[in-house]
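Here's a quick briefing to read with the model open beside you. It goes strand by strand, then contact by contact.

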Amino acid sequence: MKIRVTGEQPTDHVDVTGGVPSTVIDVTAGLVSSVNGRTGGVTGLAEASDVEATAEEAVADHVDANDPHGDRAWAYSTVQAHATATDPHGDRAAATTAIAAAVTAHAAATDPHGDRAWADGKFLPKAGGTLTGPINGPGTFAVASDGGVTAPSLTLPATATTVSKTAVITAPAGAVSYVVWRAPKACTVVAVRGYRVGGTGTTVNAVKNSSDLLATDLSLSTAATWLSGPSVQNASMAAGDSLTLTIRSVSGTPTAVTIQVDLQGA
């Protein structure tokens, strides 16, 4: 007997003459006839939506868990121990020794950056040294190779050696002039001063060669007091220049007038 299932592909067959006729029973069935060995109506299976909801809840619980795998506490303690360890990689002690040795060698080297030799040829050492001329500066300032200085407008500092050339003129009756000094080398006039004894007034000045050192005559308006003239002009004197002290006018009958010129670098 052969059971033919609806939808089944018929197979080729051979008719045998003289055989016993076969019986064919047609049965209609779906592709699945049983589930887990059970036939007929199958109950108790979960719906897909129920399975999806359960899976989502499980994932959410896993994510919200403080330590779902039990490894977070271990990892934290391990990292903390590494960070607080004195030498976690075992290389700090060696590095410290190597750095100290490198710094010591660098500080003790004669020319660690290779620029000291170059600088020595261009700059004076901090402790000072000797400039080799000639040297030129602004204006007419210059230092020759023999050390001679050419600087007509040079103003020497207050600490430079200062000398004074003075003349005392007794009982002057009027204008009078006296050549009192020849400059032995270049120098600078820094002040012209005057002092009067007696009389009621006197004006004075000083002259380099033929040029007044004060643009305005100095008035000795107060007796027995040193008075200073206004700003000095033509202050630079060269070797060989002459210095003349002069009374320009007299009032009353002074018994003495002193004229003093201060110079630096003389």
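Two strands pair if DSSP finds at least two bridges between them, and helices (H or I, at least four residues) and strands (E, at least two) are DSSP runs, numbered from the N terminus. With that in hand, Lys208 stands opposite Leu243 in β14. This is a predicted model, so local features need pLDDT of at least 70 and side-chain atom pairs count only at pLDDT 80 or more, while totals for chains, interfaces and linings use all residues. Residues are numbered from 1 along each chain as its sequence is written, and side-chain values use heavy atoms, with hydrogens and water left out.

- Strand β14 (residues 242-251) runs antiparallel to β9, and 8 bridges join them.
- β11 (residues 218-219) is also antiparallel to β9, with 2 bridges, and there Val204 has Leu218 as its bridge partner.
- β10 (residues 211-212) pairs with β9 in the antiparallel sense over 2 bridges, with Lys208 opposite Ser211.
- β9 and β10 make a hairpin with 2 residues between them, and Asn209 in the turn has a positive phi of about 60 degrees.

**Salt bridges**

- Side chains of opposite charge can pair when their charged atoms come close.
- The structure holds 3 salt bridges (a side-chain nitrogen of Lys or Arg within 4 Å of a carboxyl oxygen of Asp or Glu).
- Asp262 pairs with Arg193, the closest N and O atoms being 2.7 Å apart. Asp262 lies in strand β15 and Arg193 in strand β8, so this pair ties together parts that are 69 residues apart in sequence.
- Asp262 counts as buried at 6% relative accessibility, whereas Arg193 is partly exposed at 28%.
- Asp212 and Arg248 meet in a salt bridge at 3.0 Å, N to O. Asp212 is in β10 and Arg248 in β14, so parts 36 residues apart in sequence are tied together.
- Asp217 and Arg248 also meet in a salt bridge, at 3.1 Å, N to O. Asp217 sits in the loop between β10 and β11 and Arg248 in β14, so the pair ties together parts 31 residues apart in sequence.
- Asp212, Asp217 and Arg248 are linked in a network of salt bridges. Asp212 is partly exposed at 26%, Arg248 is partly exposed at 31%, and Asp217 is partly exposed at 31%.

**The aromatic pair**

- Searching the whole structure turns up 1 aromatic pair (rings of Phe, Tyr and Trp, its six-membered ring, with centres within 6.5 Å; planes under 30 degrees apart count as stacked, over 60 as edge-to-face and the rest as tilted).
- Tyr195 and Trp226 form this tilted pair, 5.3 Å centre to centre with 50 degrees between the planes. Tyr195 lies in β8 (residues 187-198) and Trp226 in the loop between β11 and β12 (227-228), so the pair ties together parts 31 residues apart in sequence.
- Tyr195 is partly exposed at 24% relative accessibility, and Trp226 is partly exposed at 45%.

**Helix α3**

- Of the 17 residues of α3, the number buried is 0, so the helix lies largely in the open.

Methods
Buried < 20%, exposed > 50% of the residue type's maximum accessible area, 1.4 Å probe, protein only.
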